[in-house]
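Subject: Structure handover

Hello,

Here is the structure I promised you. Please open it first, then read my notes below.

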Amino acid sequence: MYIIKVKNEDVVAIVDNNIVFTADDNRVIGILIGDCLYGKSKVMVGKIFNATVYLVNGEIVGKVGVSSKNDL
């Protein structure tokens, strides 16, 4: 399981079995195919490169890390 953190180290999303969930209420918000992130629509919304999550417009959204018991 992987987590996505924002700048202030808050966990905003969890990636488990290539499904992206919100960290607070475990709602499905997208899927991960390869290094591309897709939202609920069929459109790519972002990409992961060097453990950094980017939106399609180039904006950095967060960092990807391996989950630990303390993160959840």
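The largest pocket has a volume of about 200 Å³. A pocket here is an open set of points on a 1 Å grid over the protein atoms alone, where a 1.4 Å probe fits, with protein on both sides within 12 Å along at least five of seven lines. Its volume is the space filled by probe spheres set on the points, which are joined across faces, edges and corners.

This is a predicted model: local features need pLDDT of at least 70, side-chain atom pairs pLDDT 80 or more, while totals for chains, interfaces and linings use all residues. Numbering starts from 1 along each chain as its sequence is written, and side-chain values use heavy atoms, without hydrogens and water.

The lining of the largest pocket has 15 residues, each with an atom within 4 Å of a point. Nearest the centre lie Ile4, Val20, Ile29, Leu37 and Val45. Two or more lining residues come from each of S2 (11-16), S4 (28-33), S5 (36-38), S6 (44-49) and S7 (52-55). These strands are DSSP runs of E, at least two residues, numbered from the N terminus. S4 gives the most, with 3.

Now the strand pairing, which requires at least two DSSP bridges. S5 and S6 run antiparallel, joined by 3 bridges. Tyrosine 38 faces methionine 44 in S6. The two strands form a hairpin with 5 residues between them.

S6 also runs antiparallel to S7, with 4 bridges. Phenylalanine 49 stands opposite threonine 52. Their hairpin has 2 residues between the strands, and asparagine 50 in the turn has a positive phi of about 55 degrees.

Best wishes
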